Amino acid sequence: MTTDTLPAVAAVPRTRRGTLGAGFWISVALIALFLSWALFPALFTGHDPIASAPAQRLQAPGAAHPFGTDQLGRDLYARVVYGAGASIRATVVAVLVGMTAGTLIGLVSGFVGGWLDAVLMRVVDVLLAIPALLISLTIVTALGFGVVKVALAVGVAAIAGFARVMRAEVLRVRTSAFVEAALACGVRRRTIALRTVLPHAIGSVLVLAALEFGTAILAVSALSFLGFGAVPPNPEWGLLVADGRTFLASAWWLTTIPGLVIALAVTAANVISRTFKDRSEVHG
Amino acid sequence: MGAPARYVAGRLAQGAVVIWAAFTVTFVILYLLPSDPVSIMLSQGGDSTGVSEEAESRLRAEFGLDQPVLVQYATALWRALHGDFGDSITLGGAVIGHILQALPQTVLLTAVTAVIAVAGGVGLAVAASATRSRTLRRVLTNLPSVAVSLPSFWVGMVLIQLFSFRLHLFPALGNGGFATLVLPAVTLAVPTGAVVAQVLYNNLSGALRQAFVEVLRAKGLSERRILLGHALRVAVLPALTLVGMNIAAMLAGAIVIETVFGRSGLGRLTEAAVSEQDIPLVQGVVVVSAAVFVLVNLVVDLLYPLVDPRISHRATAAS
């Protein structure tokens with residue numbers, strides 16, 4: 001059933017089989033850049049993202065401030081660079097939570113089978129039927145606000161998708177001859193599950209993780225935009241767009257530029273995910 | 001009972017399971033996590049030290065929180081079956097009243113969104129199928145993948161900047177009449193329209209390769225007549241299903257969109273309920289969203305035979 005995580009479909013230019021297109025490498029470069037922003041923001045800007053400079057308020061993008069300045073005279077480029085920290089960290093946490101929990105559930109469900117499988121998959125069906133944003137908001141209501149809680153909420157909403165994919169892969173791998181052989185040799189079932197089945201099943205999960213990275217950036221920024229994530233004056237991508245809302249009529253750059261950065265990050269993640277998927281299909 | 005009636009009954013039962021599941025999931029998250037309405041109410045009051053333990057336990061008893069969990073669940077489910085989700089903590093009054101008051105605006109928004117998504121998606125797919133320019137086709141077929149990567153709140157603001165502030169075509173905010181509906185509906189239609197365009201384009205390519213198209217060509221029909229009159233009719237059905245499936249996503253998307261455009265409705269109510277941690281209201285919203293989703297998909301299913309005479313629920317019910 002379709003939820004608000006729409007099947008992302010990436011613009012991968014058709015290339016000869018075996019070579020990776022320019023779109024893929026541009027996407028990798030963009031993600032690498034955003035990760036570097038998140039890890040070492042001071043390398044990319046000399047401006048302070050939080051200290052205000054009233055004399056330079058609401059300047060349009062120019063030589064001194066490539067992305068312009070906000071209503072308090074803060075350099076928008078610096079705020080976007082430092083904002084990557086909160087946004088990307090929350091996204092990574094969300095994907096890790098969803099992937100770890102989902103992979104474990106899928107592994108147990110597919111490997112053990114029987115009534116446990118039936119129960120777990122019914123729960124997964126139910127979770128997939130509810131839009132991810134509603135699940136995340138429900139969790140935020142229960143946990144409270146903040147970047148970490150938003151990350152958890154987005155991650156929990158992603159568990160069901162990972163569990164579904166992992167289980168399908170485990171069922172596929174389980175029937176292969178080497179698993180039968182390991183079972184016949186009397187290898188412990190837990191060892192087979194973790195050492196034999198998991199490595200062969202993880203490929204599709206990683207493709208989904210790349211896709212989910214884009215979805216999670218959107219979800220985290222939407223929740224921050226609604227005011228449930230990062231707290232001002234700390235920069236965060238979704239929050240930056242929300243902050244610029246008051247100045248829509250006069251200062252277009254305050255919303256347009258951070259939004260473009262989010263869109264670029266999501267597109268790049270989708271292109272990478274799609275490339276992995278196409279290649280795994282070619283080889284598999 | 002005839003076959004169509006049995007089919008509808010089966011679908012209603014499935015729908016009831018989805019709604020029950022939505023209730024159960026929200027109950028588990030909202031009431032079993034280490035927070036409950038009383039502790040949130042008390043912490044919102046500022047210093048919780050001022051509240052005596054006696055008063056707190058009286059409040060808990062009032063909400064039934066001193067009961068065992070399963071009893072709480074059964075009571076809540078029984079009440080929800082009668083449309084009673086309790087009272088809103090922050091707004092006062094029955095949750096269901098607030099929801100029913102907000103629902104029409106959002107249903108209207110979703111309906112207009114669905115129309116725009118279908119029109120835009122069909123238009124894009126037909127244009128991509130009809131064009132002879134390879135470059136244009138590549139641009140048109142890649143447009144949807146870009147569209148689903150855009151943050152919806154940002155799309156909304158860019159549209160406000162362009163069409164409200166620069167061109168003064170549509171009002172930026174509010175719920176006054178049809179003009180205020182256009183920009184939010186277009187924004188909300190972007191992701192669904194993108195998926196419709198994509199699926200429909202693939203279906204059209206498939207339909208144009210079918211044998212009946214060769215027959216039509218042999219009969220001398222123009223390519224345009226074949227595309228619009230015949231292939232489109234075969235290809236459009238799965239795209240309609242997609243819209244039905246995306247209704248839940250649109251309702252969720254309305255939370256963000258109604259906030260951006262300052263519209264009142266179910267989405268705004270949800271946003272307010274979450275910011276105030278109004279647990280009964282949040283649960284009511286999720287369950288009602290699930291119910292709307294189930295109803296819309298049931299209607300879409302029943303409309304199928306009207307669009308495509310090859311489908312009848314007699315056949316599906318028998319198989």
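Guide: Helices (H or I, at least four residues) and strands (E, at least two) are DSSP runs, numbered from the N terminus. This is a predicted model, in which local features need pLDDT of at least 70 and side-chain atom pairs count only at pLDDT 80 or more, while totals for chains, interfaces and linings use all residues. Residues are numbered from 1 along each chain as its sequence is written, chains are lettered from A and ligands numbered from 1 in the order in which they are written, and side-chain values use heavy atoms, with hydrogens and water left out.

Visitor: Where does B:His168 lie, and what is its phi?

Guide: Most residues other than glycine have a negative phi, and most peptide bonds are trans. B:His168 has phi near 55°, a positive value, and lies in the loop between helix H7 (152-166) and helix H8 (179-208) of chain B.

Visitor: Which peptide bond is cis in chain A?

Guide: The bond from A:Pro232 to A:Pro233 is cis, with omega near 5°. A:Pro233 belongs to the loop between H7 and H8 of chain A.

Visitor: How many helices and strands are in chain A?

Guide: Chain A has 9 helices and 0 strands. Its C-alpha atoms fill a box of roughly 75 × 50 × 30 Å along the principal axes.

Visitor: How many salt bridges does the rule find across the interface?

Guide: A salt bridge is a side-chain nitrogen of Lys or Arg within 4 Å of a carboxyl oxygen of Asp or Glu. Between chain A and chain B the rule finds 0.
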